[in-house]
Amino acid sequence: MVTVEADADARLSIVGDAGRPGVLFVLNDVPKGMDEEFTRWYHQEHLTERLALPGFVRARRYRSVEGQPNYMVVYDCESVETLASAPYLERLAHPSPWTQKIMRHFLNMERSACGETWAAGEGTGGAAIVTHCKPIQGREDDARRFIREELGPRLMQNTCIVRIALWETDAGVTGAPSMERELRPGKDALADWVLFIECTDLAQVALALHTHVLTGEGARTGLLLGSWLRYQLIYERHATGDSPATSNRHSKGTP
């Protein structure tokens with residue numbers, strides 16, 4: 001039988017640059033009538049457990065303004081390696097009774113362990129637009145360059161945008177088996193890339209996206225843009241003892 005420690009060591013070898021921040025990005029729904037207990041579980045137990053683990057820096061919860069999934073949680077981590085570490089895998093292997101109860105009711109689950117490969121801006125927006133995207137195969141560098149040198153700078157001219165980040169999913173870390181995954185009905189979806197746009201005015205930012213992103217531009221840019229989801233920030237918590245230097249890595253832009 002493979003131990004948690006050995007499992008973690010094996011996956012660390014496939015993780016990217018440890019100097020970049022990591023993000024655990026989760027979208028899901030719950031059945032009608034479970035919202036209150038779902039929120040209590042998050043605030044009274046689950047976030048406390050996660051933020052007590054080494055490498056977890058901050059957690060933010062969002063609610064959809066329109067469409068589904070209705071809920072989103074974003075965990076900022078020191079690096080994506082945090083999500084392949086022995087303490088985190090140990091926690092996934094031994095979910096609490098309350099977690100076992102709640103996760104059996106998760107619907108439309110999307111979970112992605114990501115590395116933040118680029119960001120611009122500073123601070124935390126009260127709302128966010130989540131843009132699913134993916135590079136054309138073999139043109140990953142072109143897609144990153146387009147975001148970094150064209151799309152990002154154009155969008156950041158809008159004063160409603162606080163921060164933009166590119167999150168690239170590590171499929172190896174995301175797909176690691178766990179007891180928690182087995183509890184959830186159905187198969188978890190995962191993102192390819194996510195462009196996470198924090199802002200103060202969702203309508204203004206949606207208009208800016210429509211203005212600057214042209215359908216069918218993928219042949220030139222190497223980037224294929226998918227669905228856009230709009231969310232409002234409803235809760236934020238930092239890890240106990242988190243230093244300002246650590247927090248700043250996640251609120252400031254990265255080159």
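Is Asp-170 buried or exposed? Select Asp-170 to find out: its relative accessibility is 12%, so it counts as buried (buried is under 20% relative accessible area, exposed over 50%, partly exposed in between, with a 1.4 Å probe and protein chains only).

Before moving on, note that this is a predicted model, where local features need pLDDT of at least 70, side-chain atom pairs count only at pLDDT 80 or more, and totals for chains, interfaces and linings use all residues. Residues are numbered from 1 along each chain as its sequence is written, and side-chain values use heavy atoms, without hydrogens and water.

Stay with Asp-170, in the loop between strand E6 (161-169) and helix H6 (171-174); helices (H or I, at least four residues) and strands (E, at least two) are DSSP runs numbered from the N terminus.

Next, select helix H3 (residues 86-93), where Tyr-88, Leu-89 and Leu-92 are buried. They sit on the same side of H3, because their arc around the axis is only 95 degrees (taken from the directions from the helix axis to the C-beta atoms).

Last stop: the largest cavity, with about 180 Å³ of space. Here a cavity is a set of points on a 1 Å grid over the protein atoms alone where a 1.4 Å probe fits but cannot get out, and lining residues have an atom within 4 Å of a point. Of its 22 lining residues, select the closest to the centre: Tyr-88, Leu-92, Arg-111, Glu-180 and Arg-184. Then show H2, which gives the largest share of the lining, four residues.

Conventions: 1 Å grid on protein atoms, 1.4 Å probe; cavity = no way out; pocket = protein on both sides within 12 Å on 5 of 7 lines; lining within 4 Å. Points joined across faces, edges and corners; volume = space filled by probe spheres on them.
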